[in-house]
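Take a look at the structure below. The report after it walks through a few of its parts.

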Amino acid sequence: MTTTLTLRRPDDMHLHLRDGAMLQAVLPETSRHFARAIIMPNLVPPVVTGAQAAAYRDRILGAVPAGQRFAPLMTLYLTEETDAADVIAAHDSGLIHAVKLYPAGATTNSAAGVRDIARVQHVLDQMAEHGVPLCVHGEVTTSDIDIFDREAVFIDTVLDPLRRKTPGLRVVMEHITTADACAYLADAGPDLGATITTHHLMITRNHMLVGGIRPHYYCLPVAKRSTHRDALVALATSGATNVFLGTDSAPHLDSAKETACGCAGVFSATNTMSCLAEVFDGQDALPHLQAFTSENGASFYGLPLNEGTLTLQRGAPQPTPGKLPTPDGPLTIFDPGRPLHWQVV
Ligand code: DOR
Ligand code: ZN
């Protein structure tokens, strides 16, 4: 049995760091293990312009603990008012690595997102021409569509038409949660990639809803039934090169989750690598973990591979870390609901 695993230092290709005190609290949880991360722009107000991304990047770099190295890979939040020239300039300067499409109303701080895709088509055309990737939150938001169907309907009615209309646009399907998304990805060419979160590889909707409602498993897209989780695990552990880790680690204070109308988001930065080793080990797929965490994402984004390494060891199961304190109250760390044998050493 493998008991020690050394990986190329990983990248998190979908991360929420927030700002202010929360940023200070959560950034070390990522920078301890990860060399780089694609930083989500859904702040309040959102990161829309190159100037805003540069300022946010500086605030993130200011929060990196002494002695650690961490590179934030910035993104811009697409709105119907986005200035295409500003996007291209921010990309050409190396400041931003992608633009994020939030359908308006789809998730946390998405009110400024896109209502009508036609109104951003000129930006997408410029992005295709200049090689700027589009990261997509792939859920429709119309009230007649059941929340468990939002991703599959989005693929058919929004994503596929968008890609046909914008040849050459590089697209990342973010945090996929369905067998439908896995099948769509399998049929696509090299311009399409996908991220999968740690928690969607480990939980199903039962974790959230059976035996009481468990708000710390509530995220968007919402976890689906086990057949979908199993398809995600099969894809992530397969060695496919167009799928990579994006934790979507999304901190909300416990006070904002444990309430009558709780926020969506799972905070998994702290124990993501332990969780992933458990999942890959369970599939006898540890040799494919490095591609998922440290190679495929960098290749998709045209980045060099990281130089350093990260080592995990298998031993007796450890309790999950519990809570992370912040000045405004605690934050619950993802509990995968099963023992974790692997620990970063
Ligand atoms: O669960 C989620 N939380 N999904 C998202 O798309 C956004 C995120 C957040 O920002 O809290
Ligand atoms: Zn996210």
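## Around L289

Setting aside neighbours within four places in sequence, L289 touches L5, L7, L276, A277 and F280. This comes from a predicted model. L289 sits in helix α11. Is L289 buried or exposed? L289 is buried, with a relative accessible area of 0%. V243 lies 46 residues from L289 in sequence, and the two C-alpha atoms are 11 Å apart in space.

## Helix α11

Helix α11 covers residues 289-300, twelve residues in total. From its first C-alpha to its last, helix α11 reaches 16 Å. That is close to the 16 Å expected at 1.5 Å a residue. How many of the twelve residues of α11 are buried? Nine are, so α11 is largely enclosed by the rest of the structure. The buried residues in α11 are L289, A291, F292, T293, S294, N296, G297, A298 and F300. Just after α11 comes G302, which takes a positive phi of about 70°.

## Two helices that pack

Two packed helices are described by the angle between their axes and the distance between the axes. Here the pair is helix α5 (residues 150-165) and helix α6 (residues 179-186). Their axes come within 9 Å and cross at roughly 25°. Angles under 35 degrees count as roughly parallel, and α5 and α6 are therefore roughly parallel to each other. The crossing of α5 past α6 is right-handed. On the α5 side, the contact is made by E151, A152, I155, L159, D160 and R163. On the α6 side, D180, A181 and Y184 make the contact.

## Cysteines without partners

A disulfide is a covalent bond between the sulfur atoms of two cysteines. How many disulfides does a search of the whole structure find? The search finds zero. Two cysteines show the distances involved.

| Cysteine | Closest cysteine sulfur | Sulfur distance |
|---|---|---|
| C263 | C261 | 7.6 Å |
| C275 | C219 | 14 Å |

A disulfide needs the sulfur atoms within 2.5 Å. C275 is in no disulfide.

C263 is partly exposed, with a relative accessible area of 28%. C275 is buried, with a relative accessible area of 0%.

Key:
Residues are numbered from 1 along each chain as its sequence is written. Chains are lettered from A and ligands numbered from 1 in the order in which they are written. This is a predicted model: local features need pLDDT of at least 70, side-chain atom pairs count only at pLDDT 80 or more; totals for chains, interfaces and linings use all residues. Side-chain values use heavy atoms; hydrogens and water are left out. Buried means under 20% relative accessible area, exposed over 50%, partly exposed in between (1.4 Å probe, protein chains only). Helices (H or I, at least four residues) and strands (E, at least two) are DSSP runs, numbered from the N terminus. The expected span of a helix is 1.5 Å times one less than its number of residues. Axes are lines fitted to C-alpha atoms, for helices over the stretch in contact, and angles run from 0 to 180 degrees between N-to-C directions. Angles under 35 degrees count as roughly parallel, over 145 as roughly antiparallel, 65 to 115 as roughly perpendicular and the rest as oblique. A crossing is left-handed if the near helix is turned anticlockwise from the far one by less than a right angle, and right-handed if clockwise. Contact means heavy atoms within 4.5 Å.
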